[in-house]
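Here is a quick tour for anyone meeting this structure for the first time. Have a look at it, then read on.

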Amino acid sequence: MEERDFDYYEERARDVKFEDITSCNGNAEILQQLRDQDTSLNDIRITDDDWGNFIVEEGDDLGWLGYFIGKSKYVNELFIYTWEGGQNTEAFIDGIIRNQSIKSLTICTDLRGTSFQHLCPFFRNNNRLAQLELNFEVGLECAQSIAFVLDEGRCQSLTYLNLDGCNLGAEGFIGIATALRTYPHLSLLSLENDNIGLMGCIALGDSMRGWGESNLKTLDLDGNAIGDQGLQALATAMTNTSLEVLLLSNNLITGAGLRSMSEYFQSDSCCLETLNLYRNVFGDEGAVALAEGLMGNKSLCSLRFDPDESGITNAGWAAFSKLLCDPTSINSTYHSNHNIETIGDDEDDSTPLKIRQYLKLNANPHPAMNKILKSHPDLDMEPFFQWKLKLLPVVVNWFRSARSRLANDLGESIQRGSLPSRELSALYKFVRGMPAFAVTSYCQQLVMNAQAKRRRRRIDDELRRLEDERRRLDGERCKLDYDEEAAWVILGGRPKSEGEGSSDFVRGAKRRRQE
């Protein structure tokens, strides 16, 4: 068959008959929709079964499909599951690298001799690509090509990179990890069953530290032969991330590796919500390391592993129990972990009943209050004596709040009816533990009441005195008003005007002198 390139398809695109270049009517319709820029065609699924909408069989010229995908403005997702029987795969690649609308690219089959490097223009020019998923054994040469494309393409829109099942190996992944130094914007990195080992973890850790602040939310490292040293290399780099989900199942992690996570768990930057450790035999040492590391952690909600395969005995479960509810004192119970809702497996009853009860309390409102009431039937008030009687109203309000908020599913261990008696017991302990303060407080209250009574009496006396003075002044004012009126009568009445009044006043005065 003659070699066909993009120009070949460009010259013949207008007049091509789709039934001549495809193996079935369905494939011909897909090409027709692509050429017509049909807005309803948003995804292309290339398969060899009915799941796809382009079913590859002998006689299909994939160059035409690649050409029309390259021209499309509306294809958002491209799935390549297989192309056995198809022809001109290199021309297909040459076509799709011109596309600028694809947001998600999934390749689950090898490129049949075509170097992955040929996709470099696609990554460089497509500013909408957000998701890349490769799921086939790539080999060292292809892994190096992937690293080259990621490094040269520097696709700033890419946020989801899934390389599950590629079996990259440490040597193949190191180059990819190095290329990822320019991808702090990734939100998901999935490397399940890629066997990256210690050297791969070191390379990935170096890249993560180079990110500064990153957007990474999910990191899937299941099935990668990661041991304690590999986890240590990663743990030191996680503080630079906003990681929420970390999957470490089916590895070689023991207690030593988990202890290296303590600093990350207790850092202010830790946002981790889910940690999976299935098929890791970390035993009691790992359980203790996790329990101690998670003390004070406010983010982790789910710690998943298989209780039957983890090697944990009663000693390890005791450490988890203390993490969830430390009964040594009320303060210790209050500062226990109230965030974790899963330890072990939700669908497995192998987690001890006591642990499951505490986890159930964490899933309810006000877990600290419920744990205090459950673990301290007789509340010890002595640690609070340092605040003297100032804390007494707080204790009363706390019990009042407990009566209204108590979880309904605490069973018979906490009865609502027992709260009043426990409240009285706590108050009694205050009085019994501080009798001098109680008596002093009572006497002080009596003195204060007497002083207040005397002050009220003095105020009442003063008010009465002021009222008498007011009445006296009102009487004097009335007398003065009367004398004034009498004086005007003697003088012949009030003057009508200033001049007239003055004249009459003079005449009246002369008359009185003559008389």
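Predicted model: local features only at pLDDT ≥ 70, side-chain atom pairs only at ≥ 80, totals over all residues.

Residues are numbered from 1 along each chain as its sequence is written, and side-chain values use heavy atoms, with hydrogens and water left out.

**Ser104 and strand 4**

- Ser104 sits in strand 4 (strands are DSSP runs of E with at least two residues, helices are runs of H or I with at least four, and both are numbered from the N terminus).
- Leaving out neighbours within four places in sequence, Ser104 is in contact with Asn76, Glu77, Leu78, Leu129 and Gln131 (contact means heavy atoms within 4.5 Å).
- Ser104 and Thr106 point one way from strand 4, Leu105 and Ile107 point the other way, and all are buried.

**The sheet**

- What order do the 12 strands of the open sheet take? They run 2-1-3-4-5-6-7-8-9-10-11-12, and the pairing is parallel (two strands pair if DSSP finds at least two bridges between them).
- Strand 2 (54–55) and strand 12 (342–344) are at the edges with a single partner strand each, so one side of each has no neighbour in the sheet.
- Helix 4 (residues 62–71) packs on the sheet, where it touches strand 1 (43–47), strand 2 and strand 3 (77–80). The direction of helix 4 makes about 165 degrees with that of strand 1 (axes are lines fitted to C-alpha atoms, for helices over the stretch in contact, and angles run from 0 to 180 degrees between N-to-C directions).
- Strand 3 pairs with strand 4 in the parallel sense over 4 bridges, and Ile80 stands opposite Ile107 in strand 4.
- On to the next pair: strand 4 (residues 104–107) and strand 5 (residues 131–134) run parallel and are joined by 4 bridges. Here Thr106 stands opposite Glu133, and Ile107 is opposite Leu134.
- Strand 5 also pairs with strand 6 (residues 160–162), in the parallel sense and over 3 bridges. Glu133 stands opposite Asn162 in strand 6.

**Two leucines to look up**

- Leu188 belongs to strand 7 (residues 188–190) and counts as buried, at 17% relative accessibility.
- Not counting residues up to four places away in sequence, Leu188 touches Thr159, Tyr160, Leu161, Leu216 and Thr218. Leu188 and Leu158 are 30 residues apart in sequence and 9.8 Å apart in space, C-alpha to C-alpha.
- Leu180 is in the loop between helix 8 (169–179) and strand 7. Is Leu180 buried or exposed? Leu180 is buried, with a relative accessible area of 1%.
- Neighbours within four places in sequence aside, Leu180 is in contact with Leu150, Leu161, Leu186, Leu189 and Trp211. The C-alpha atoms of Leu180 and Asp151 are separated by 7.4 Å, and the two residues are 29 residues apart along the chain.

**Helices**

- Helix 13 (residues 283–293) and helix 14 (residues 314–324) have axes that come within 8 Å and cross at roughly 10 degrees. That makes helix 13 roughly parallel to helix 14 (angles under 35 degrees count as roughly parallel, over 145 as roughly antiparallel, 65 to 115 as roughly perpendicular, and the rest as oblique).
- Asp284, Ala287, Val288, Leu290 and Ala291 in helix 13 meet Ala315, Gly316, Ala319, Phe320 and Leu323 in helix 14.
- In helix 10 (residues 228–235), 6 of its 8 residues are buried: Asp228, Gly230, Leu231, Ala233, Leu234 and Ala235.
- The cover over the buried residues of helix 10 includes helix 9 (197–210), helix 11 (255–259) and helix 12 (262–265).

**The nonpolar core**

- Which residues have the most contacts inside the largest nonpolar core? They are Leu65, Phe92 and Phe320, in a core of 115 residues (a nonpolar core is a set of buried Ala, Val, Leu, Ile, Met, Phe, Trp, Tyr and Cys residues joined through side-chain atoms within 4.5 Å).
- Its neighbours within four places in sequence aside, Leu65 is in contact with Ile30, Leu31, Leu34, Ile44, Ile46, Phe54 and Phe92.

How values were computed. Buried < 20%, exposed > 50% of the residue type's maximum accessible area, 1.4 Å probe, protein only.
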